[in-house]
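User: I would like to learn how to read a few features of a protein model. Could you take me through them one by one?

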Amino acid sequence: MQRLQEFPGAMPRSYRHGFAGLRSLCLLACLGTALASPAYATNTAGAAVFDAHAVDPLAGTARQEQVASAMDAEGRSVTVWLDRRGTSAHLRLQRHDAAGLPYGEPIQVNNTAIVGSYAYPQVAMSADGAFTVVWTQMEPWLGGMPHVFRRSFNRHGQPLMMEQRVDPPGTPEAGSAQVAMRSDGSHSIAWLSYPGSGQRALYLAGFDANGLSLGVPQLVASGTSSTQLTWPRLAMDDAGNTLAVWSEDRNGAMEEVWMRRRFANGTFGAIARVNSLAPATVPRPDLAMDAAGNAVVVWRQYHRTMGLRIVGQRLLPSGVLAGSEFLLAAREPYPKDEPAHPNVAMARQTGDFAAVWRRADSHIYVRHFHANGTPLGPERPSSQGGARTDYPDVAMDADGDTQVAWQSVVPAQSYTHAFQRRFAGLAPLDVRARLQHIARNESPSGVRLHEVELRGALIHAANTSGRGVASGIIALIETTDALVPQMIASDGWVCSPAPAYALSCAYLPSLWPLGTALDPETPTKPLRLQLNVPAELAQTELRVRIGVNQFDASALNDQVSLQLQ
């Protein structure tokens, strides 16, 4: 399968969203030829779909930082960041469709301006695209303290509520907000509470899919006068079990990675240590979980001979450690040097996962892993480098399509913007092209009018939510004699001329694997084309090449042709 970046005709997909198409066209203009030439070999799990690009190409001189992202089952995503414009600062977000193109205008998350620089937003998404954003916000008056806030949105980006404070009244201050969501949209929010005595405590609260509270917050863990909790992370499975991890010098010696599970019935398991070897540095852990409850924790670890590295530990749904710690990224020779700021995401249906980190060469790297922890190839650069390239975040859909986001200084400028890049999934699917001749008529002048029907077809895969779904389908159409077909009828397709091709057509819906053993294909709706062949031509050949935004198992059935006489 030829990926999206090989299709100059990917641009018509921007018309899918009305006025948002102007933003998509701007995005593609900013990408230059990024969509026109391949960056990686085809048919490779985890290969880049197209080059790194700005999340909000029209941001101008706004400073964007503290980027976070999430994906739904089909690959639609939302990216949120702290946006500073002049003296004002708010959280903004941008939605993207399953092909990675902007969907609608950026949305301002909060009405109350952000004071200070400690918002650190986080976002979680349901299987169908609903999402919740959480952040830390200072009270807007002299001597005001930080508190945790949230706001939920439906799958169309419409807010379900005004911004709401999460930590209870009477809490002196709170921060380090985290959110995790089930496929149905119900979710949990965790935060650190600072009671004023210097002893931090980690709390957890549950909410339904509409954002309604499911009870009073519960205490997960509390520090002592000599220990401190930092860096909490949160994940949920689809049964409603929640896992929290954090960093703490619980034994009074050095910070280590700890975890505690809250079961769906509201009871807690015991606090347990995750790491086997002492991190010997502030570990800054991150956590991801699939729908069944399998999880992976990653963190920084200092080795006395190998320096800083990123290691991980897999967990079974019961919370029991699965195997031993394993290495994700090691120190490498200059200029790459040591990895830092790890972040991890897991495919909800397959359990495969991807981790990202920053290196000293000002690049963000991504590496994919099988559910059992086996690396699926080496680390790949995601960013294009640049000053202050940092704080990577990664998200995955149900079958492993991946989005990496980060902040970086805009070239030749001094301010940072949010950037992102898509990578193909790990679970293969197969899409093929169908082309059928429908009718032939001849005019009195000898011009032959041919009518043909084009379809794409997804060959049967596992019928699980988000797994095996084909999205971002593009058909590139050309003839041997530079004739240009005309679209005469379509349902779900948009077409326009494209460089190097007569016509480029994008199929707007996603294809779900609804085939059966007897009829294993799910076809697109038809696209009818008319081609006028002049009398002086004895024949011409109509050629179609089809592509999709995922890892395709076979490229042999992606091209089809018809001889028209």
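**Strands, core and disulfide**

Analyst: Start with a strand pair: β31 and β34 run antiparallel and are joined by 5 bridges. Strands here are DSSP runs of E, at least two residues long, and helices are runs of H or I, at least four residues long, numbered from the N terminus. Two strands pair if DSSP finds at least two bridges between them. Within this pair, I477 has L503 of β34 as its bridge partner. This is a predicted model: local features need pLDDT of at least 70, side-chain atom pairs count only at pLDDT 80 or more, and totals for chains, interfaces and linings use all residues. Residues are numbered from 1 along each chain as its sequence is written, and side-chain values use heavy atoms, with hydrogens and water left out.

User: In what order do the strands of the open sheet lie?

Analyst: The order is β33-β34-β31-β37-β38, 5 strands with antiparallel pairing. β33 and β38 are the edge strands, each pairing on one side only. From one strand to the next, the twist averages 20°.

User: How many residues does the largest nonpolar core have?

Analyst: In soluble globular proteins, nonpolar side chains tend to be buried together. A nonpolar core is a set of buried Ala, Val, Leu, Ile, Met, Phe, Trp, Tyr and Cys residues joined through side-chain atoms within 4.5 Å. Buried means under 20% relative accessible area, exposed over 50%, and partly exposed in between (1.4 Å probe, protein chains only). Here the largest core has 28 residues, and A470 and I477 have the most contacts inside it. β36 gives the largest share, 4 residues. A second, separate core has 19 residues, including L93, I107, M125 and F153.

User: Which residues does A470 touch?

Analyst: Contact means heavy atoms within 4.5 Å. Not counting residues up to four places away in sequence, A470 touches L429, V431, L458, S510, L511, V548 and Q550.

User: Which cysteines does the disulfide join?

Analyst: A disulfide is a covalent bond between the sulfur atoms of two cysteines. The rule is a pair of cysteine sulfur atoms within 2.5 Å. By that rule the count is 1. C495 is joined to C505, S to S 2.0 Å. The torsion about their S-S bond is about 115°, so the disulfide is right-handed. C495 is in strand β33 and C505 in strand β34, so the pair ties together parts 10 residues apart in sequence.

User: Is C505 buried or exposed?

Analyst: C505 counts as buried, because its relative accessibility is 0%.

Methods:
Axes fitted to C-alpha atoms, helices over the stretch in contact; angles between N-to-C directions.
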